[in-house]
Amino acid sequence: MKLTVNFKGKSQDVEIEDHLPVIDFQHKVEEATGIPPEMQKLLVAKSGMVKIDKLEHKEETPMKDVTKDGSKIMVIGTSMDKIQDLRDAEQEDAQRKEKMNKRLANMAKHGKRAVVSRDRNLVTSEYTFDRVEPLNFLPRQEEARAYLHKIKNDRGVQAVMEKYKWKVGLLTELDPAFNTNHESRKLGQNRNKGEVIEIRIRTDDYGGWCEFKEVIKVVCHELAHNEFSEHDRNFWDLCNKLEKEVKDLDPFGHKGQQLGADVYNGPGLWDQPAENLHCDDGGIGGGSEVLGGSDEEGSLRDKMLRAAEKRRRK
Ligand code: NI
């Protein structure tokens, strides 16, 4: 029989045997269009879409039962390029998910002190971080949240907070984009002596996570700002003492936990005096100041909004 096959507005006359199975016809269409049979839709003029699953012999049904001599068939489909794009995207997505699952599994396995699925209720003391929140405009929020919980539930951190009776309102992350410039690289911030502590946990490119051991050093620094705003001798003495205590008061000690394959190895400052790590320019705000008041850097909320705005404009 003779058929006119139309694809993307172009028509082509073909001659096929009446008994040619539909699937073989589809393979001919594939040769001409690059569309594999499973992505093809065949529309026969006047009788509509060919529903291959509903045909008596499915894809083996002869073409004469599908259409008749002289008919026009329109082919609709997705080209291989697009399919490949789609498959690439799917594969990428799957890889990303797998990587994240691995990382979380790794955190759960190695973080004996902070199993991700259980860690939200591990701390029973009142001397801890009241709330833990990742920045809501950054990607991979659940990983960030898990990381922050890992900090909160770290036995050493718990022990020093208990010892010094520190209650911190919020533990959140410091946005690398907003706190990195050619002059400085802020690693943490303490606002109003413990109202909010921000810690940099992401690498500058958002592609990975800072090494936990290094982050804990920053946590010690920011916790010390609960007592002293200035970087004076009192401050550094407390800071160095805290770094020792988070190890000594933790029954398991620090064994250089890793979060996954793509951790940032940090500046390698763990074994150096606290003074060598530039974390911030001192605590912001006095004990009684209201967050977001006259503080020259603005409130956390403002800062978050500005950072989000900055990213939008990029
Ligand atoms: Ni500081």
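Why does Phe 235 count as buried? Its relative accessibility is 0%, so Phe 235 counts as buried (buried means under 20% relative accessible area, exposed over 50%, partly exposed in between, with a 1.4 Å probe and protein chains only). The model is predicted: local features need pLDDT of at least 70, side-chain atom pairs count only at pLDDT 80 or more, and totals for chains, interfaces and linings use all residues. Residues are numbered from 1 along each chain as its sequence is written, and side-chain values use heavy atoms, leaving out hydrogens and water.

Rings of Phe, Tyr and Trp (its six-membered ring) pair if their centres lie within 6.5 Å; planes under 30 degrees apart are stacked, over 60 edge-to-face and the rest tilted. The count by this rule is four aromatic pairs. Tyr 164 and Trp 166 are stacked, at 4.7 Å centre to centre and 15° between the planes; both residues are buried. Phe 235 pairs edge-to-face with Trp 236, at 5.0 Å and 80°. Trp 236 has a relative accessible area of 11% and is therefore buried.

One aromatic cluster consists of Tyr 147, Trp 209 and Phe 212. Lys 150 lies over the face of Phe 212, 4.6 Å from the ring centre (the criterion is NZ of Lys or CZ of Arg within 6 Å of the centre and within 35 degrees of the ring normal).

Helices (H or I, at least four residues) are DSSP runs numbered from the N terminus. Residues in contact, with heavy atoms within 4.5 Å, include Gly 156 and Val 157 on the α4 side and Lys 241 and Leu 242 on the α6 side.

Notes: Helices (H or I, at least four residues) and strands (E, at least two) are DSSP runs, numbered from the N terminus.
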